[in-house]
Amino acid sequence: MVKSSLFVKREETIRRATSLLTKALLVNLAVAFIPPIYILKFSGSIGLHTYVAIAFLGVSLASLLTVWFTKRALEDYDLASASSASLLGVVLGTIGGLVVVGLLVQRARKLITSI
């Protein structure tokens with residue numbers, strides 16, 4: 001009885017963390033489109049603002065990949081990999097995801113470490 005209760009609690013926690021990571025992926029995907037749109041639409045000449053947009057795009061894509069890897073590791077029940085990747089996801093998501101992604105990944109990380 002106790003084992004099944006712990007298993008259900010673990011499954012529910014993984015489901016909630018996966019849901020948060022899915023939301024983080026969607027937000028991060030939307031944010032990743034901002035630099036290309038800025039460069040193509042509003043950038044007249046290549047200057048410092050273009051290089052900043054390219055750097056932000058790189059960080060956004062790195063954040064997107066890290067959050068995706070964290071979600072995949074969690075879906076495969078690899079809690080150690082999900083926990084370590086989520087730490088990097090928090091850092092990159094805060095910068096490349098305009099803080100929202102970092103907060104979502106931080107909430108998912110708290111759930112992962114509570115298992």
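Me: Are helix 4 and helix 5 roughly parallel or roughly antiparallel to each other?
Reply: This is a predicted model, so everything here is about computed coordinates. The two axes cross at roughly 160°, and angles over 145 degrees count as roughly antiparallel. So helix 4 and helix 5 are, relative to each other, roughly antiparallel.

Me: Within what distance do the axes of helix 4 and helix 5 come?
Reply: A helix pair is described by an angle and also by a distance between the axes. The crossing of helix 4 and helix 5 is left-handed. Their axes cross at roughly 160° and come within 8 Å.

Me: Of the residues in the contact of helix 4 with helix 5, how many are charged?
Reply: On the helix 4 side, the residues include L79, S83, L87, V90 and T94. Helix 5 brings V101, G102, V105, Q106, R109, I112 and T113. The contact divides into seven nonpolar and nine polar residues, and the number of charged ones is one.

Me: Which residues of helix 5 make the contact with helix 3?
Reply: Helix 3 passes helix 5 in a left-handed crossing. From helix 3, the contact uses S63, V67, T70 and L74. The residues of this contact divide into five nonpolar, two polar and no charged. On the helix 5 side, the contact is made by V101, V105 and I112.

Me: Are helix 2 and helix 3 roughly parallel or roughly antiparallel to each other?
Reply: Helix 2 spans residues 34-41, and its axis comes within 8 Å of the helix 3 axis. The two axes cross at roughly 155°, which is over the 145 degree cut-off. Helix 2 and helix 3 are therefore roughly antiparallel.

Me: How many residues of the contact of helix 2 with helix 3 are nonpolar?
Reply: Helix 2 passes helix 3 in a left-handed crossing. P35, P36, Y38 and I39 of helix 2 meet H49, T50, A53, I54, F56 and L57 of helix 3. There are two polar residues and no charged ones, and the nonpolar count is eight.

Me: Is S60 buried or exposed?
Reply: S60 sits in helix 3, and its relative accessible area is 0%. The buried class takes anything under 20%. With that value, S60 is buried.

Me: The backbone oxygen of which residue lies 2.8 Å from a polar atom of the S60 side chain?
Reply: Beyond its neighbours within four places in sequence, S60 is in contact with N28, V31, A32 and G96. One of these has its backbone oxygen 2.8 Å from a polar atom of the S60 side chain, and that residue is G96.

Me: What is the relative accessibility of L61?
Reply: L61 lies in helix 3, and its C-alpha is 25 Å from that of T113, 52 residues along the chain. L61 counts as partly exposed because its relative accessibility is 40%.

Me: What is the phi of L98 near?
Reply: L98 is in the loop between helix 4 (79-96) and helix 5. L98 is partly exposed, with a relative accessible area of 45%. L98 is a residue other than glycine, yet its phi is positive, near 55°.

Methods: Residues are numbered from 1 along each chain as its sequence is written. This is a predicted model: local features need pLDDT of at least 70, side-chain atom pairs count only at pLDDT 80 or more; totals for chains, interfaces and linings use all residues. Side-chain values use heavy atoms; hydrogens and water are left out. A crossing is left-handed if the near helix is turned anticlockwise from the far one by less than a right angle, and right-handed if clockwise. Helices (H or I, at least four residues) and strands (E, at least two) are DSSP runs, numbered from the N terminus. Contact means heavy atoms within 4.5 Å. Ala, Val, Leu, Ile, Met, Phe, Trp, Tyr, Cys and Pro count as nonpolar, Asp, Glu, Lys and Arg as charged, and the others, Gly among them, as polar. Buried means under 20% relative accessible area, exposed over 50%, partly exposed in between (1.4 Å probe, protein chains only). A polar contact is a pair of N or O atoms within 3.5 Å; within protein, one must be able to donate a hydrogen and the other to accept it, and residues adjacent in sequence count only if both atoms are side-chain atoms. Axes are lines fitted to C-alpha atoms, for helices over the stretch in contact, and angles run from 0 to 180 degrees between N-to-C directions. Angles under 35 degrees count as roughly parallel, over 145 as roughly antiparallel, 65 to 115 as roughly perpendicular and the rest as oblique.
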